[in-house]
Amino acid sequence: MNARMRTLVAAALVVGIASGPAVAHAASPPGSVSSEWMAPSVSTPSVSTPPNAAALEAAIAGLGPQHRDATAALVRVGGTAGRWQGSSGVADIRTGRDAVEQGRFRAGSVTKAFTAAVVLQLAAEDRVDLDGPVRGHLPGTVPDRYGAVTVRQLLNHTSGIPAADGPGDSFEAQWEHRFDVTDPHAQIADAVAKEREFAPGTAQHYLNINYTVLGVLIEKVTGMRYEEAVGARILKPLGLYGTSFPGRTGTRIHGPHNRGYQAIPQADGSRELRDVTEWNSSDRWAAGDIISTTADLERFTVALFGGRVVPKDRLEEMFTVPDVRDQVSGEPAVMTAGLSRTVLPDGTVAWGKTGGRHGYNTAIGATRDLSRTLVYSVNATDAKGQDMNRVALGIVMAAFTK
């Protein structure tokens with residue numbers, strides 16, 4: 001694949017993916033790769049080749065404090081064409097112990113797939129009208145001057161509602177406020193006090209505020225806390241026992257996990273790896289504060305695409321890209337309700353969602369027929385950087401291309 005194609009795929013992956021039982025391994029030196037390949041169980045899928053174990057191992061080789069882009073990675077590739085899973089790097093740079101293969105991590109905006117799934121469940125139950133105005137469910141939330149913003153437009157980021165203000169885009173500004181507790185209602189009020197970005201339904205702008213409003217809508221319709229609704233409707237039925245929400249005041253990842261780090265350039269040309277594992281994610285809430293494992297996210301992805309989470313007639317919303325252009329890039333829209341779509345260099349269409357929190361880059365993805373699935377967690381040292389992490393891009397290309 002040439003450099004231009006890699007750039008195009010990476011750009012798509014910035015906002016969305018190219019958008020079983022534990023396996024015991026012997027201890028290995030930090031930076032080495034631990035992996036296992038399993039034979040395919042079904043013949044002639046749309047992705048007919050088994051996972052390229054050599055390419056996947058190469059994509060995550062040599063991770064640790066000395067690596068430019070990541071200290072650890074956890075990967076699960078599955079589907080009817082075969083399975084592969086592996087891990088690399090260190091759980092923490094102080095001890096240098098091996099990465100925890102079944103460790104938990106912050107999954108960031110992968111949360112949006114869970115939020116969208118609950119909203120679509122409620123639509124299937126005739127408790128939410130996707131084409132109805134949001135203010136019909138949440139009176140006074142969206143000003144009249146914004147127009148008739150619908151639930152569907154929140155789901156696919158075509159609402160025109162601008163982002164709420166935050167501490168700033170720089171890492172240091174966010175670091176200083178890492179333990180702040182943010183109220184979603186205050187975020188919404190801050191956002192809608194501004195002028196709308198565009199008329200609802202005329203463009204797409206991927207912003208967390210859309211899913212903050214959806215989180216409040218879920219609470220209003222179900223009479224439950226957002227976290228309780230997701231737990232009762234998705235986590236418990238699917239047995240996702242490694243998946244949780246930190247809560248509004250939570251700052252820790254409970255259970256085994258690999259610590260996250262942010263690279264801070266120093267005046268002498270060296271860098272500090274600052275531990276960013278403990279962080280309050282209430283500013284992301286229904287848009288990005290879930291904690292999970294690769295095994296749980298793989299199970300969720302397979303169940304979701306297979307129609308076992310959202311009824312199939314409503315599931316089409318997650319595979320329908322609105323016919324508008326991205327408000328920032330001017331390119332055709334790629335985001336759907338909770339997912340995104342990308343055509344890979346070999347023509348394979350992948351659907352999924354990426355997420356980034358400081359110290360952690362995560363993705364779920366699959367072909368529509370589940371012939372290939374992918375879940376990864378990369379402990380990126382610049383997880384919120386403008387460009388896609390190179391280790392993550394290498395994983396995607398190794399997983400989905402021949």
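Mentor: Let us begin with a strand pairing. In this predicted model, P265 stands opposite R271 in β6. The strands concerned are β5, residues 261–265, and β6; they run antiparallel and are joined by 5 bridges.

Trainee: Which residue takes a positive phi in the hairpin of β5 and β6?

Mentor: That residue is G269, with a phi near 90°; the hairpin has 5 residues between the strands.

Trainee: Which residue of β9 is the bridge partner of R341?

Mentor: The partner of R341 is W351. Strand β9 covers residues 349–357, runs antiparallel to β8 and is joined to β8 by 4 bridges. These two strands also form a hairpin, with 5 residues between them. In the turn of that hairpin, G347 has a positive phi of about 95°.

Trainee: Let us turn to helix packing. At what angle do the axes of α3 and α7 cross?

Mentor: Two packed helices are described by the angle between their axes and the distance between the axes. For α3, residues 111–124, and α7, residues 209–222, the axes come within 10 Å and cross at roughly 40°. The two helices are therefore oblique to each other. Their crossing is left-handed. On the α3 side, the contact is made by K112, T115, A116, V118, V119 and L122. On the α7 side, Y211, L214, I218, V221 and T222 take part. By class, the residues of this contact divide into 8 nonpolar, 2 polar and 1 charged.

Trainee: How are α7 and α8 oriented to each other?

Mentor: The axes of α7 and α8 come within 9 Å and cross at roughly 75°. The pair is therefore roughly perpendicular. Helix α7 contributes G215, I218, E219 and T222 to the contact, while α8 contributes Y226, A229 and R233. The residues of this contact divide into 3 nonpolar, 2 polar and 2 charged.

Trainee: What does R233 contact, leaving aside its neighbours within four places in sequence?

Mentor: R233 is located in helix α8, residues 226–238. With those neighbours left aside, R233 is in contact with V118, Q121, L122, E125, R127 and T222. A separate reading concerns R233 and V309: they are 76 residues apart in sequence, yet their C-alpha atoms are 8.4 Å apart in space.

Trainee: Is T111 buried or exposed?

Mentor: T111 belongs to helix α3 and counts as buried, at 0% relative accessibility. Apart from neighbours within four places in sequence, T111 is in contact with Y226, F245, W285, A286, A287, G288, D289 and I290.

Trainee: In which helix is F400 found?

Mentor: F400 is found in α11, residues 390–400. F400 is buried, with a relative accessible area of 2%. Not counting residues up to four places away in sequence, F400 touches L344, D346, T348, A350, G365, A366, T367, R372 and L374. F400 and P51 are 349 residues apart in sequence, with 8.1 Å between their C-alpha atoms.

Trainee: Finally, which residues does T294 touch, not counting those up to four places away in sequence?

Mentor: T294 touches L74, R76, E101, F105, V375 and S377 on that count. T294 lies in helix α9, residues 294–305, and is buried, with a relative accessible area of 2%.

How values were computed
Residues are numbered from 1 along each chain as its sequence is written. This is a predicted model: local features need pLDDT of at least 70, side-chain atom pairs count only at pLDDT 80 or more; totals for chains, interfaces and linings use all residues. Side-chain values use heavy atoms; hydrogens and water are left out. Two strands pair if DSSP finds at least two bridges between them. Axes are lines fitted to C-alpha atoms, for helices over the stretch in contact, and angles run from 0 to 180 degrees between N-to-C directions. Angles under 35 degrees count as roughly parallel, over 145 as roughly antiparallel, 65 to 115 as roughly perpendicular and the rest as oblique. A crossing is left-handed if the near helix is turned anticlockwise from the far one by less than a right angle, and right-handed if clockwise. Contact means heavy atoms within 4.5 Å. Ala, Val, Leu, Ile, Met, Phe, Trp, Tyr, Cys and Pro count as nonpolar, Asp, Glu, Lys and Arg as charged, and the others, Gly among them, as polar. Buried means under 20% relative accessible area, exposed over 50%, partly exposed in between (1.4 Å probe, protein chains only).
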